[in-house]
Amino acid sequence: MRVERMSNEKFKIFLTFDDLTDRGLTRDELWEDLPRVHRVFSDMMYDAGIELGVELNGVLLVQVYLLQAQGMLVVVTRAENEDIEEDEDYIEMKVTLDESNEMIFAFDDFEDIIQAGLHLYRLGVFGGDVYSYHTNYYMVLDDEVIVHLDPEQVIALLSEFASASAVTSHRLIEYGKVIMKNDAMQNIYTYFSN
């Protein structure tokens, strides 16, 4: 579990699927076993509060984004509520679940993007985007471009060349540099195949 403060009232937690499993929760149970999910989230809020050095109480607005290959991104905002006294040890969570329809992988080297792109092209994947952000390259694949493949197969293939990333496509669009847009695998094949 990785915690990052965004502001005094907002922070984000990134969990891999292994982190969820360690906490005794599977991806499917997120949608089915709400009392158990609530207990796990309460424990996560406690751990995050300790790591950030803040006491979390009152109303917490929790937005959960399931990222296909990466795990889970949880954005927590502390809401002001005048009805709750400051000294009460009380947490109320309002949880919103959303599932991402994209996979994002971070590559250290552009050559790795070329190799992964060529493999994906041979599997019938022609779309996708490639960005540069900070010191990495990122490949973004929407569900639509890999609909004919088993997502686990795509994750396994890309894991040979890259690592799943917690960076969102919104951040890449806003702050990253576009290398290839929409038809990245087609372009990789066109310019880099022998």
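Rings of Phe, Tyr and Trp (its six-membered ring) are taken to pair if their centres lie within 6.5 Å, and planes under 30 degrees apart count as stacked, over 60 as edge-to-face and the rest as tilted. By this criterion the structure holds five aromatic pairs. The structure is a predicted model, in which local features need pLDDT of at least 70 and side-chain atom pairs count only at pLDDT 80 or more, whereas totals for chains, interfaces and linings use all residues. Residues are numbered from 1 along each chain as its sequence is written, and side-chain values use heavy atoms, with hydrogens and water left out.

The protein chain contains seven helices and 10 strands; helices (H or I, at least four residues) and strands (E, at least two) are DSSP runs numbered from the N terminus. Of its 194 residues, 43% count as buried, where buried means under 20% relative accessible area, exposed over 50% and partly exposed in between (1.4 Å probe, protein chains only). Contact is defined as heavy atoms within 4.5 Å. Among contacts between residues at least 6 apart in sequence, 73% join residues at least 24 apart.

A nonpolar core is a set of buried Ala, Val, Leu, Ile, Met, Phe, Trp, Tyr and Cys residues joined through side-chain atoms within 4.5 Å. The largest such core has 25 residues, of which F107, L120, M139, L141, V154, L158 and M185 touch the most other members. At least two residues of this core come from each of strand 6 (102-107), helix 4, strand 8 (136-142), helix 5 (151-159) and helix 7. Helix 4 gives the most, with six residues. Apart from neighbours within four places in sequence, F107 is in contact with D112, I113, A116, N136, Y137, M139, L158, F161 and A162. A second, separate core of 21 residues includes L25, F41, L56 and M72.

Helix 4 (residues 110-122) packs against helix 7 (residues 184-192) at an angle of about 105°, with the axes 8 Å apart. This makes helix 4 roughly perpendicular to helix 7. Axes are lines fitted to C-alpha atoms, for helices over the stretch in contact, and angles run from 0 to 180 degrees between N-to-C directions; angles under 35 degrees count as roughly parallel, over 145 as roughly antiparallel, 65 to 115 as roughly perpendicular and the rest as oblique. On the helix 4 side, F110, I113, I114, G117, L118, L120 and Y121 meet M185, Q186, I188, Y189 and F192 of helix 7. The contact has 10 nonpolar, two polar and no charged residues.

Among the aromatic pairs, F110 and Y137 are edge-to-face, at 5.3 Å centre to centre and with 65° between the planes. F110 lies in helix 4 and Y137 in strand 8, so the pair ties together parts that are 27 residues apart in sequence. Y137 is partly exposed, with a relative accessible area of 26%. Ring pairs link F110, Y137 and F192 into a cluster. Y121 and F126 also form an edge-to-face pair, with 5.1 Å between centres and 70° between the planes. Y121 is buried at 18% relative accessibility, while F126 is partly exposed at 40%.

Most residues other than glycine have a negative phi. H134, not a glycine, has a positive phi of about 55°. H134 is placed in the loop between strand 7 (129-133) and strand 8 and is exposed, at 66% relative accessibility. N182, also not a glycine, has a positive phi of about 70° and is placed in the loop between strand 10 (177-180) and helix 7.

Notes:
Nonpolar A, V, L, I, M, F, W, Y, C, P; charged D, E, K, R; others polar.
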